[in-house]
Amino acid sequence: MIKTSIIMTHYAETEERVDIARRCILAVQPHRNKTTEFILIFDGIFPYRDEFIKYADQWHERPNDASPGRSWNIGARMAKGNILCFICDDNLLDEGAVAQCVRLVKKYPQYIVTPLPPHPGREGDVYSLVDGYSGNTRGGDQCIFMTRQIFEDIGPRDEVDPFTDGINYVNRRIAKGYHVLMTKKPMAKDMAFGRHSFINQMQRLGYRGYKKTKPLYSREKLLKFTYRDRPAKITDKESH
């Protein structure tokens, strides 16, 4: 019986980010078992799909509309577990991270749990929470574990504006009174070197305001990766 669902949103496009995503996906594998499933959500057209889906228990490919929040929401609907873990494709889990975070969620079901340390320069966001564990004021938009009840109480993430989606979710979490509890020692690492994949995705869709980075594929080439055995537009019903 599935009790924990690990949901990874995946939209890497540069070679550097593909390598990071591969490491992070492989790091999830030891945590999969009869009670823990791994769900992979592809955000847009992605040519590495066939390599990565063999590592997932369920997977879903979305239209290329650059909404990380929608990927979260789709993953939550697909999940069979009552404990939900949301990670990005640049969150590298340590050995034992899932077991420890699940244990903490069960012990402190009123909290959201993260194995990530605070972001560099944001140590001021950390405060004493409970039983020697620390809380993180601004945490809670990636690499987090929570009960399905908390997720449903906070409500789904925004699906319209990818620029404010994460901070809006954190603000709603704070407004609901939910704290983010950190493991006593970091058990995950943010492997991203800048937000290259997100920047490239914004640029392809006409957004402005980010420094130009060189994508692995042009928009024209990406659009040619529509798979012959699947319709160009993927719907929620076509998850696997």
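The model is predicted, with a mean pLDDT of 78 over the chain and 72% of residues at 70 or more. The chain has eight helices and 11 strands, and 52% of its 240 residues count as buried.

**Confidence**

- Where pLDDT is low, the predicted coordinates should not be read in detail.

**Whole chain**

- Of the contacts between residues at least 6 apart in sequence, 73% join residues at least 24 apart.

**Helix α4 and valine 98**

- An α-helix has 3.6 residues a turn, so residues three or four places apart point the same way.
- In α4, the buried residues are Ala97, Val98, Cys101, Val102, Leu104 and Val105.
- These buried residues line one face of α4, because they fall within an arc of 160 degrees when seen down the helix axis.
- Ala99, Lys106 and Lys107 are exposed, on the face of α4 turned away from its buried side.
- Valine 98 lies in helix α4, which spans residues 97-107.
- Valine 98 counts as buried because its relative accessibility is 4%, and the cut-off for buried is under 20%.
- Not counting residues up to four places away in sequence, valine 98 touches Ile6, His31, Leu93 and Phe145.
- The C-alpha atoms of valine 98 and threonine 36 are 9.2 Å apart, while the two residues are 62 apart in sequence.

**Second largest pocket**

- The second largest pocket holds about 170 Å³ of space.
- Its lining is made up of Lys3, Thr4, His31, Asn33, Thr35, Thr36, Ile83, Gly96, Val98, Ala99, Val102 and Lys106.
- Helix α4 gives the largest share of this lining, with four residues.
- Valine 98 and threonine 36 are both in the lining, and His31, also in the lining, is one of the residues that valine 98 touches.
- Two of the exposed residues of α4, Ala99 and Lys106, are in the lining as well.

**Helix α6**

- Asp165, Gly166, Tyr169, Val170 and Arg173 are buried in helix α6, which spans residues 165-175.
- Seen down the axis of α6, the buried residues fall within an arc of 135 degrees, so they line one face of the helix.
- The elements against which these buried residues pack are the helices α3 (68-78) and α5 (148-154) and the strands β6 (112-114), β8 (133-136), β9 (144-147) and β10 (180-182).
- Glycine 177, which follows α6, has a positive phi near 85 degrees.

**Buried residues in strands**

- Threonine 9 is part of strand β1, residues 4-10.
- A relative accessibility of 4% is the reason threonine 9 counts as buried.
- Beyond its neighbours within four places in sequence, threonine 9 contacts Ile41, Pro68, Ser71, Trp72, Ile87, Cys88 and Asp89.
- Tyrosine 133 belongs to strand β8, and at 8% relative accessibility tyrosine 133 counts as buried.
- Its contacts, leaving aside neighbours within four places in sequence, are Gln100, Arg103, Leu104, Tyr108, Ser128, Leu181, Met182 and Lys184.
- Among these contacts of tyrosine 133 is Leu104, a buried residue of α4.
- Tyrosine 133 and threonine 183 are 50 residues apart along the chain, and their C-alpha atoms are separated by 6.9 Å.

- Most residues other than glycine have a negative phi.
- Aspartate 131 has a positive phi near 50 degrees and sits in the loop between β7 (126-130) and β8.
- Cysteine 143, also not a glycine, has a positive phi of about 50 degrees.
- The loop between β8 and β9 holds cysteine 143, which is buried with a relative accessible area of 0%.

Key. Residues are numbered from 1 along each chain as its sequence is written. This is a predicted model: local features need pLDDT of at least 70, side-chain atom pairs count only at pLDDT 80 or more; totals for chains, interfaces and linings use all residues. Side-chain values use heavy atoms; hydrogens and water are left out. Buried means under 20% relative accessible area, exposed over 50%, partly exposed in between (1.4 Å probe, protein chains only). Contact means heavy atoms within 4.5 Å. The arc is that of the directions from the helix axis to the C-beta atoms. pLDDT is the predictor's confidence in each residue, from 0 to 100. On a 1 Å grid over the protein atoms alone, a cavity is a set of points where a 1.4 Å probe fits but cannot get out, and a pocket is an open set with protein on both sides within 12 Å along at least five of seven lines; lining residues have an atom within 4 Å of a point. Grid points are joined across faces, edges and corners, and a volume is the space filled by probe spheres set on the points.
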